[in-house]
Amino acid sequence: MQAFTTLTGIAAPMPRANVDTDQIIPARFLKSIARTGFGKNLFANFRYRPDGTENPDFVLNQEPYRKAEVLIAYENFGCGSSREHAPWALTDFGIRCVIAPDFADIFHNNSFKNGLLPVKLPRAVCEQLIEDAKLGGNARVTVDLARQVVIRPSGEEIPFEVDPLRKHLLLNGLDDIGQTLEHVSAIDGYEAKQKSAQPWLGGNSL
Amino acid sequence: MAADKPRTLFDKIWDAHVVETLPDGTALLYIDLHLTHEVTTPQAFEGLRQAGRGIRRPDLTLGVIDHNIATDASRYSGIVDPESRLQVETLEQNAAAFGMPLIPLLDKRQGIVHVIGPELGRSLPGMTIVCGDSHTSTHGAMGALAFGIGTSEVEHVLATQTLLQKPAKNMRVLVEGTLPFGCTGKDITLAVIGRIGTAGGTGHVIEYAGDTIRALDMAGRMTLCNMSIEGGARSGMVAPDETTFAYIRGRPMAPKGEALERAIAYWRTLPSDPGAVFDREVKLAASDIAPQVTWGTSPEDVAAITGTVPGLETAGDEARRAQLQRKYEYMGLTPGQRLQELAVDVVFIGSCTNSRIEDIRAAAAIAKGRKVATGVRALVVPGSGLVKEQAEAEGLDRILSEAGFEWREPGCSMCLGMNPDKLTPGQRSASTSNRNFEGRQGPGGRTHLLSPGMAAAAAIAGHLADVRDYQPKETL
C-alpha cells in the first residue's frame, strides 16, 4: 500500500451530502479484475454526458480540479455498497484525501487500506474549506497526517482525529495481513477451542 | 468483560469471536463463514497469489456467482459480455486453484449470495458472517453478526479467517404492535430509514426487537436486516427464536440430529439479556406504519403511498434546498405531486432484499386474475434456483406469466445495473430492491423502492399504487 504522510495540493469542492458509491463508481464499471484503471470512470455519471463527451459543468472536468488531490464534501460520504472500487477509483484519479463531516463505515475502512485518507471535520469547517477550494489553484490545502492537521491556504491549522493503529499503518504503508499472521498461534488456539465447543460450525460440503 | 454484566446479542457474539485484543482496543475477530461472489474477489485472490498465501479455511468459505449474470435463457449458452464473462471465469479459476467451494453457475442452488446462505442452512445463529457485499447484513436475521467488507478485508479473511475490527455501538429498533394490513418487513425497514436517516446507524449494529419483529417470518426479518446498511448500520440482527430454529431444521447444510439440538441449546443463550444497555434506541408503533414508497434518490426519501412529494419548504438551508431541487429534477417530480400519479415503465420484483418464496407469493397473490398495464415491463427474478423451483411447484410462475410478468432466472438482475437487466435513461421503476441512488438501476434510471405486493400493484395499475386497493381476488 502507498504510504500517506503529508500532501499539499488542489482541493475539489463537492458540496453534496450522501455521495454514494454508485456515484463514485457506477456498478457497470466494476467488471475489471484489476485494482487499477478505475480513475477514468470516477463519477462517470456526472463526468460524462450520455454521448460520452465530458460534462463541462462537473467540477473534476474544470481547471485546476482535473489535478485535484483532495476532495471536500458533506455528510455520509461513501454510503452504499462495500465496493473497494470506490477508493480505487478516487486514488487512480489522483485523489489521496477526502474531507467530510462523516463517512459511511465500509468506505472509511476501505480507504485506509488503499492509501486514501478520510478526514472528518465538522460541517462548518467543511463549508470553509469548500470556499477555499473554490479559489482554485492558488489556494492549496495541506494535509499532514503525522501532525494530524489540515492547513488552510491562509495558514490556519485545523486539527483532526484519526485512529492510532490506522495512522501507523497508513504513515508506513503497511499491509495488515502480515501483521495479523504474527498472531497465527492465537488463531490456531481459537480454532481448536471452537471445534470442541461448537462442532456444528465447521465444514462446507457442496 | 464481567460475566454478570447484562449483554446484548451483539456483545455476546462479539465476545465469543475475539481471538485477541490488540493494545489499542482493536480486536482480531474470528469469522465463521465467508461468502464470496465474482465482483469483489478477483483482486483479493490476486493479492493472495502475489504474497504466496492460500485460503486458511476453505471449508468456511463458500462462493457463488450472482451479480454479473443474465437472468434470461442466454445464461445457458454462456455469458455474452466479455468483461462479465472474464469476471465469472476468474472466480471459477480462483475457486479451483485455491480449493474454495463454489456453487456452479448452472446448479439449482445458484442464486443471490444473501438468499442462498440462509436457504441452504449455511448461515446460522451466533455466527460471524462476512462477504464483500454491503447487504451481508441480511444474514443477521438468523441471529448472526453479519456485515459487508471491502476487497482488502476479503483478502484478509481468506488468508487469516479473521478481521481487525473495533467493536460497534449497540442500537435497538423496537417495533411494537400488529403490523397493519398491506404492510411487510419492507415497509418497516423503509419507515425506520425514513426516521433515522441514511447515516442514522453509522457506527452501530442494529438489533430489531419487539413483538412486531417477533411476529415476522424469516423472509420478513431478512428484508429488514438487509436494508440496515441503507440506514448506515453495517449490520442488523434479530435474536434467534423458535421461528429461526424451525426455519433451520432440515436445511441441507444445517446441523442435524444431536448436533442441531446442541446448537439450539447454545443459540437460546444468545438473545440480549434483560437490562442490557443500548447506546441508542428508536421506537416505532407498528400501527403508525403504512405501505411505504421512496420518492427521491436516497432510501431516506420515503413516504406513505398515500403521500406526496415533499415541498422545498421542508429543506432546512440553501445546500439542502439545492439537493432537493436536484432530486426533483433527476426523478422528474414536482413538489406536492401525489405519489400515486407517478406512471411506471418498469417493475422489478427481486434482489437480495425481496426475492424469496414469500416475496414471490405476495406478488403472485396480487397478480392473480389481473393483467400488467399496457406499456409496463414487469420482471420477477427469483433469488435462487431453489426459490424458482419452489415457486414453479406452487404454480406461481404460471400466475405471474398469465398476468404478463416475465418469469426469470435467478441473479441480482436489475438491482444494480451491472448485468443485462437495467433501466434506460428517464425510465421510472417500481422496484423491490434496496437502493434508489442516481444511476443505480442504469444511468438516468428513476427508482422507487417498495414491497413486492406494492410492486405488483404498480405493475397492474401502471403507476405507483396502494397495495391495499389491489387485494387478492381469490386465495392462491
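**A walk through the two chains**

Guide: In this predicted model, Gln148(A) counts as partly exposed, as it has 15 C-beta neighbours inside 10 Å.

Visitor: Where is Gln148(A) placed in chain A?
Guide: Gln148(A) lies in the loop between strand 6 (141-144) and strand 7 (149-151) of chain A, and although Gln148(A) is not a glycine, its phi is positive, at about 55°.

Visitor: And Phe43(A), is that buried or exposed?
Guide: Phe43(A) is buried, with 22 other C-beta atoms within 10 Å. Phe43(A) also has a positive phi, of about 50°, without being a glycine, and its place is in the loop between helix 1 (21-24) and helix 2 of chain A.

Visitor: Which peptide bond is cis, then?
Guide: The bond from Glu63(A) to Pro64(A) is cis, with omega near 0°, and Pro64(A) sits in the loop between helix 2 (44-47) and strand 3 (70-73) of chain A.

Visitor: Let's switch to chain B; how many helices and strands are there?
Guide: Chain B has 15 helices and 18 strands. Its radius of gyration is 22 Å, close to the 23 Å that the globule rule gives for 476 residues, so chain B is as compact as a globular protein of that length. Of those 476 residues, 60% count as buried.

Visitor: What about chain A?
Guide: Chain A comes to eight helices and eight strands, its C-alpha trace spans about 65 × 45 × 25 Å along the principal axes, and 44% of its 206 residues are buried.

Visitor: Which residues have the most contacts inside the largest nonpolar core?
Guide: That core has 200 residues, and those with the most contacts inside it are Ile99(A), Val347(B), Ala363(B) and Ala458(B). Setting aside neighbours within four places in sequence, the residues in contact with Ala458(B) include Val344(B), Val347(B) and Leu464(B).

Visitor: How many residues does each chain bring to the contact between them?
Guide: The contact takes 60 residues from chain B and 49 residues from chain A. On the side of chain B that touches chain A, helix 5 of chain B gives the most, with seven residues, and by class that side has 23 nonpolar, 25 polar and 12 charged residues.

Methods:
Residues numbered from 1 in each chain as written. Chains lettered and ligands numbered in written order. Predicted model: local features only at pLDDT ≥ 70, side-chain atom pairs only at ≥ 80, totals over all residues. Helix = DSSP H or I, 4+ residues; strand = E, 2+ residues; numbered from the N terminus. Rg over C-alpha atoms; globule rule 2.2 N^0.38 Å. Buried ≥ 20, exposed ≤ 12 C-beta atoms within 10 Å, placed from the backbone. Core = buried A, V, L, I, M, F, W, Y, C linked by C-beta atoms within 7 Å. Contact = placed C-beta atoms within 7 Å. Nonpolar A, V, L, I, M, F, W, Y, C, P; charged D, E, K, R; others polar.
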